[in-house]
Amino acid sequence: MKAPALLLTIVLYCAAKNSHHVDLSHRGLQTVPTNISPTTASLDLSWNCLQSIPNDSFVNLNSLASLDLSQNKLTRLEPSAFGGLLQLLFLNLGNNQLLLGYKSYPPTVFHPLEKLEILNMADNIPGQRLDHPFPNEIFSGLDSLKELSIDGPDDGSFGPGVMRMSQLKSLSVNFWESGGSLRPETLAYFSGLPIESLVLLCQGLEAGTLRYFPFLTRLSLKTNGITKALSALADLTHHNLTYLTISGCNPGAGSLRDPENLILTRNNTVHLADICVRHLDLSDNALIHVGKDVLVGFRYPECVESFRVNGNYLSIASNGLSLVSLARFARLEYLSVSPGREYTLGMTDFSSEQDMPEFPDGLAVQLTLPQSLRVLNASFLGGSVKGIPDLKFINAHHLQVLDLSYDNVDGCTFVMSGLENLKVLNISGFDCSFLSPKFFSHFTSLDVLVAQNCRLNTGLQQNSVAAIFKSQVNLRTLDLSSNNFVTLNLDIFKPLKSLENLILANNKLIHLPETIYELVSLKFVDLSSNIISSLSGKEIKWLASDLPLQTGGVGRVSFSHNPFICTCNTLNTMHWLLEGSAIVEELCSLTCTLQNGTVVKMCALQSQLKNMDVSCVSKFWLTFSIVGSCLITVVIVLGIFAYRYRWNIKYWVLTKFRRVPVYKELTNEQYKYDAFVAYNYTSYRWACIDLRKVLEVENDFSLCLHDRDFIPGGNIQQSIVDAMNSSRKIILVINKAFMKSEWCEFEVQMAGMRMVRDGLEDAIIVIMMEEIPVTEMSKSLLSLWKDITFLVWPEDDPGDERIFWSRLLHGMAR
């Protein structure tokens with residue numbers, strides 16, 4: 001659907017004013033807009049409905065450096081579609097319907113793009129059979145191109161036109177949808193180009209294909225079966241590669257039927273073993289086993305700095321990868337053997353049908369690591385390790401990150417030693433309901449500890465583990481999410497004098513744990529997804545002034561996804577969150593339940609906070625009046641017993657109401673005003689002109705009109721009460737708008753209280769400006785309806801107006 005022209009113009013104007021990037025993606029555009037700012041440097045038109053790009057569509061965008069036309073329905077580009085784009089560096093035409101031929105790409109279409117460095121033409125219509133020679137001319141204008149992503153032709157080879165891209169350093173070719181094996185001659189014309197990075201996606205890859213790329217430093221292969229990719233490495237024997245990625249090579253059922261695709265052996269890795277590669281990635285290939293002699297056969301083990309076999313089905317339980325074999329890799333710094341995910345927060349449980357054997361008590365196991373290893377990801381290894389012995393890591397003095405999350409460890413009663421220099425430890429998913437006081441004792445240099453979903457609500461409540469973190473004096477980040485905490489041991493965090501980030505998300509905390517008050521270096525507290533409904537005065541005081549993060553100016557606290565309640569009883573919490581806090585993270589993500597059960601966003605209440613204050617005050621006075629009436633009723637019922645105990649009762653009454661102001665009845669001469677007039681702004685003209693003329697000008701009565709007599713900036717409630725107490729009469733000018741106003745309702749309640757307090761029913765004069773059914777009256781006005789006579793303003797008959805003014809003057813008589 002095409003965006004409205006006015007809305008589109010506004011979006012474009014705002015984008016041009018605020019940034020050189022204009023984002024018009026996901027707008028249903030069918031044509032390229034003509035009113036784009038000529039200063040635009042980056043334009044995103046992806047995910048629209050463009051079918052073609054006419055000539056000179058961007059001719060006025062001389063500063064454009066980046067253009068994204070991906071995810072449209074493009075079938076054709078006009079010969080001068082990119083005319084005027086002399087500064088364009090990046091062009092994305094991916095995921096359209098552009099055939100690799102002159103019908104979609106006219107020979108001169110790229111000629112204006114003299115500075116283009118990155119071009120994506122890939123993921124268009126799969127299976128592009130060429131009925132004519134390869135369209136060599138479309139590459140003639142790409143002399144500056146350095147990166148090219150393109151779909152491979154499934155019938156024939158790339159032509160000599162690609163040789164004109166003399167500066168091409170990165171090539172990505174997608175043959176996956178075309179099927180079949182990639183023949184060597186298909187890429188032969190790329191042989192004279194300085195290509196350093198190559199990505200090939202194909203069902204099969206014949207030997208000899210890679211010999212045309214002598215300058216390669218980065219290679220990524222995806223084939224249907226890992227053995228096909230490994231065989232093609234014969235062309236790179238003794239070659240030096242910075243990155244070699246062979247990933248996702250067993251996606252189909254066919255490749256999984258061949259055992260050679262599931263097991264790495266010395267035979268099928270013979271060519272891989274003859275390459276000097278710094279970063280080797282064999283992830284996500286559905287491998288179930290790596291032979292012990294595979295790593296031993298690597299001719300250049302000193303080249304390898306990182307090795308990834310994560311996302312496979314290897315596990316310690318099946319002896320899938322031997323750490324001993326890695327001892328030869330003297331420069332290995334990163335090793336990932338996780339069958340699950342890379343190190344992230346919020347991982348889910350992982351289970352395996354194969355369990356580890358139970359170790360006898362007192363047994364210690366030594367694990368020898370490569371001396372240079374800095375990061376070890378051994379998460380999600382499966383099995384259920386019962387009675388795990390003490391673990392001693394050898395050669396781990398350089399190890400800084402260790403991820404053992406979700407390894408199904410049953411019980412945290414063992415000790416891991418040899419990790420004194422470890423900086424980051426993830427033990428999420430361990431069952432630490434049984435926790436040894438010495439479990440963390442050897443992690444003396446730890447900066448980050450992640451212990452999510454470890455059942456620590458049980459383990460940390462034991463008296464013996466009150467000082468469980470006594471060795472972690474340098475710890476800066478502690479994540480204890482998803483441990484079902486209701487409270488925390490008061491002494492648990494006392495040793496953590498350097499802690500800056502504390503994550504207690506997804507627990508069952510009702511209040512802030514008092515133990516966090518001892519954290520003098522704290523800068524961030526994550527209390528999201530707990531069951532905190534309000535904050536106490538002590539908690540607000542700590543958050544507002546005592547919390548160290550407040551003084552640093554960069555502190556934050558997260559309360560998102562907590563069931564806050566917004567009522568008169570939690571006004572202090574609302575005021576702090578909405579007005580007094582600069583440290584609450586994502587305030588508009590907080591929700592709040594009102595008295596009637598409605599759930600609203602917290603920030604939506606910011607403009608209503610003052611009205612809520614008034615409403616809560618009104619409710620207080622109403623409650624006060626009800627309580628007073630009940631007490632009077634009790635006194636009347638018990639009056640026959642009052643005489644005997646009159647002095648006792650008098651003392652009790654004085655004590656009970658000692659905080660209530662005592663008002664002394666004033667004489668007519670002592671009143672400041674003859675009448676206080678309460679009216680809605682819709683009756684302003686009648687009250688301040690007509691009424692004032694009759695009473696003040698013509699009859700010398702003194703009126704208090706809030707638009708004229710209230711002091712600007714003063715408290716509105718107090719001004720109303722003071723005006724009523726200083727007035728001999730109270731005139732209420734009632735209409736339907738008056739009934740809907742909270743301030744007017746407050747004035748009616750105060751007038752009723754004045755009448756009850758002074759016992760003078762004639763102190764209130766009610767003027768009905770329009771007919772209001774009794775059923776629509778508020779309770780406070782209905783109570784006056786029963787006790788006093790109302791005056792009705794006649795709208796049409798002048799004779800009735802004279803009667804009205806006569807009756808009003810009679811009521812105002814001194």
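## Disulfide of Cys412 and Cys432

Cys412 and Cys432 form a disulfide (a pair of cysteine sulfur atoms within 2.5 Å), with their sulfur atoms 1.9 Å apart. The link is left-handed, at -60° about the S-S bond. It connects distant parts of the chain, 20 residues apart: Cys412 lies in strand E25 (residues 409-412) and Cys432 in strand E28 (residues 431-435). Helices (H or I, at least four residues) and strands (E, at least two) are DSSP runs, numbered from the N terminus.

Cys412 has a relative accessible area of 0% and is therefore buried, and Cys432 is buried at 1%. Buried means under 20% relative accessible area, exposed over 50%, and partly exposed in between (1.4 Å probe, protein chains only).

## Basis of the model

This is a predicted model, in which local features need pLDDT of at least 70 and side-chain atom pairs count only at pLDDT 80 or more, while totals for chains, interfaces and linings use all residues. Residues are numbered from 1 along each chain as its sequence is written, and side-chain values use heavy atoms, with hydrogens and water left out.

## Further disulfides

The structure holds four disulfides. One of them joins Cys276 to Cys303, with an S to S distance of 1.9 Å; this link is left-handed, with -100° about the S-S bond. Cys276 belongs to strand E16 (residues 276-281), whereas Cys303 sits in the loop between helix H4 (292-296) and strand E18 (306-308). Both cysteines, Cys276 and Cys303, are buried.

Cys566 and Cys592 are also joined, at 1.5 Å from S to S, and both are buried.

Cys249 is buried, at 0% relative accessibility.
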